Amino acid sequence: MCGISGAVGHKDISQDLFEGIRNLEYRGYDSCGVALMNSTKLIVRKNIGGVEEFYQKENVLRHKSHLGIAHTRWATHGKVTRENTHPMLSTDKAFAVVHNGIISNYRELRSKLQKDGVKFVSETDTEVVPHLMQKLFKQTGNVEKAFVKMLGMLEGTYAVVLITKYHPDVIFCARKESPLMLGIGDEVKYVGSDFNAFIEHTKNAVIIEDEEYVVLTRDSYTVKNFITGEEIQKPITKIEWDSETSKKGGYPHYMLKEIYEQPQTILNALEVDEKALDDVVDYMKDRPTYLVGVGTTFYVAKYAKYIFSRLAGRFFPSISSDEFVALSPVDRNSLVLAISQSGETYDTLTALKHAKAKGAKTAAIVNVIGSTLSRMVDRVILQGSGPEICVISTKAALAQMVILTNLAMRLALKTRKMTKKEYNEGIRALKEMPEIIGNVLNERSGFIHRIANNYKNIKHWLYLGRGIYYPVALESALKMKEVAYVHAEGMPGGFLKHGTLAMIDKDIYSVVFMPPPCEKELYQSTLSSVAEIRARSGFVLGIHFDERGKNRDLFSEELILPAVPPLVAPLLQLVLAQLFAYFTATSLKRNVDKPRSLAKSVTVG
Ligand code: F6R
């Protein structure tokens with residue numbers, strides 16, 4: 001979950017490197033550092049803090065160089081200190097290394113090196129790499145050989161990038177279960193933990209696979225397998241995202257920009273490759289299917305569970321990726337469908353590996369092209385939502401819900417649980433969504449801002465929904481927790497009277513996700529939860545579609561949405577709840593795009 005950027009060129013690359021890690025900051029941002037080649041000397045600057053602050057404080061850009069590596073860190077091994085910040089150096093200062101992932105056998109390696117007299121300056125797992133390189137280079141006299149030997153000694157997961165004064169024009173890098181790719185520019189060659197490291201300069205990427213290493217120069221790249229030594233010809237992948245899409249485009253935060261991009265994201269979600277959808281439907285038709293994700297994507301999976309049940313009459317359990325192996329429910333007849341924005345989430349990858357080992361079929365809905373998950377599954381649906389930079393997932397999650405709705409309708413059509421007419425109506429409702437969401441964002445955001453500001457000091461919220469509105473309540477509560485650091489608990493409405501009701505008084509605030517009145521039973525039962533709270537002097541913010549309803553007096557405060565078909569009603573409410581969390585966070589002056597303790601892709605377990 002850290003960011004890596006490296007560059008070697010015919011020109012000064014220090015600015016490119018700076019932009020590279022700044023664009024990767026969403027992956028981790030508690031400290032950062034850079035190593036630049038100065039003829040045959042390494043200049044290393046690193047410190048705690050964000051990228052811009054660090055570059056300014058240390059005046060890093062005054063150092064010019066044609067080759068360098070940089071890193072932005074999200075601490076896993078060792079505290080947030082200057083010493084624990086990458087790059088890590090060998091004792092003789094000949095090797096500088098940046099690394100993502102976890103070297104699981106670092107304690108053994110460290111104590112062996114310590115026995116040889118090596119003094120460690122950090123608590124990190126990474127530091128074993130430069131020290132091992134120093135030792136192995138002494139034995140072999142050849143950097144590439146030492147690098148391959150060193151890789152053979154590492155266990156765990158890594159993307160590792162190394163430069164050395166012995167080859168001042170070369171970057172060495174390798175990957176095992178942690179993303180790494182090259183950017184092939186004319187004058188400069190790049191390496192990065194994802195496209196954002198170099199997207200401003202080139203759209204030609206080469207995706208590095210597990211057990212591959214690269215010798216990268218300003219004019220060439222050679223990729224080999226570090227187990228077999230075999231050279232591998234790699235195709236160039238064209239990145240379709242542009243760097244403008246990655247920027248804030250006038251919004252104060254990426255989160256707001258990404259919320260406002262949702263009409264477009266839905267259009268994109270409705271245009272995903274139909275064959276990819278039908279391939280997954282074919283798998284689902286006659287297989288027990290498990291829906292897997294974690295954090296937001298677990299709630300997306302929960303949402304999908306209701307959708308598949310409602311539309312296609314199938315029960316697909318949803319399981320949080322981190323619990324999947326413990327439950328171990330799969331065999332060779334099953335399908336596991338994973339959902340992931342980044343395609344690099346450790347828990348989800350682990351669940352998928354387990355499923356594969358059991359012989360299950362695998363599929364995924366993924367946003368990031370070329371990500372590990374997208375390449376490891378049997379069938380993939382690329383959701384095409386564009387870069388999601390804010391650590392908090394908004395547009396990617398909504399797009400996944402739309403795609404899953406579409407999948408459920410296609411499955412229902414194929415298994416004759418839905419007529420063609422019903423299917424067409426469903427698609428029409430989804431296609432009308434972008435315009436409705438666009439209007440809601442434009443017309444209601446001022447009002448939501450005011451409500452969020454009024455209630456910004458509330459310490460505890462209950463988020464309640466019934467049926468398919470329950471996962472929406474869960475996901476909305478998660479948004480509030482992670483961006484505003486305000487306690488919000490998602491719960492099924494019916495659950496309230498089985499315990500939590502005891503807590504309700506005038507100090508407990510609730511948000512209730514009301515279904516449209518046409519869903520009579522669900523509407524009435526949700527209304528009874530509202531009445532239970534109000535009877536105990538509890539506060540209720542109702543998110544509802546009932547402009548003229550006679551029950552509106554029950555709500556202490558209300559957010560009213562335009563009437564829409566039930567298929568899309570929960571999605572519209574989610575957009576509103578995203579805005580409510582966003583404005584609460586800005587009213588509390590939170591670090592919206594980079595909330596404390598969170599990282600965009602959680603590539604550790
Ligand atoms: C919440 C959030 C996280 C991610 C989770 C899975 O806003 O962003 O809960 O949803 O870490 O990440 P992906 O979707 O990249 O697998």
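1. Helix 9 and helix 15 are roughly antiparallel to each other, a description used for angles over 145 degrees. The axes of helix 9 (residues 296–312) and helix 15 (residues 469–484) cross at roughly 165 degrees and come within 8 Å. Contact, meaning heavy atoms within 4.5 Å, involves T296, Y299, K302, Y303 and Y306 of helix 9. From helix 15, the contact residues include Y470, P471 and V472. By class, the contact has eight nonpolar, one polar and four charged residues.

2. The model is a predicted one, in which local features need pLDDT of at least 70 and side-chain atom pairs count only at pLDDT 80 or more, while totals for chains, interfaces and linings use all residues. Residues are numbered from 1 along each chain as its sequence is written, and side-chain values use heavy atoms, leaving out hydrogens and water.

3. The structure holds 24 salt bridges, each a side-chain nitrogen of Lys or Arg within 4 Å of a carboxyl oxygen of Asp or Glu. In one of them, R22 and E52 meet at 3.7 Å, N to O. R22 belongs to helix 1 (residues 14–23) and E52 to helix 2 (residues 51–57), so this pair ties together parts 30 residues apart in sequence. R22 is partly exposed at 27% relative accessibility, as is E52 at 43%; the term covers values between buried (under 20%) and exposed (over 50%), with a 1.4 Å probe and protein chains only.

4. K224 and E144 also form a salt bridge, at 3.1 Å, N to O. Since K224 lies in strand 13 (residues 221–225) and E144 in helix 5 (residues 143–153), the pair ties together parts 80 residues apart in sequence.

Technical notes. Axes are lines fitted to C-alpha atoms, for helices over the stretch in contact, and angles run from 0 to 180 degrees between N-to-C directions. Helices (H or I, at least four residues) and strands (E, at least two) are DSSP runs, numbered from the N terminus. Angles under 35 degrees count as roughly parallel, over 145 as roughly antiparallel, 65 to 115 as roughly perpendicular and the rest as oblique. Ala, Val, Leu, Ile, Met, Phe, Trp, Tyr, Cys and Pro count as nonpolar, Asp, Glu, Lys and Arg as charged, and the others, Gly among them, as polar.
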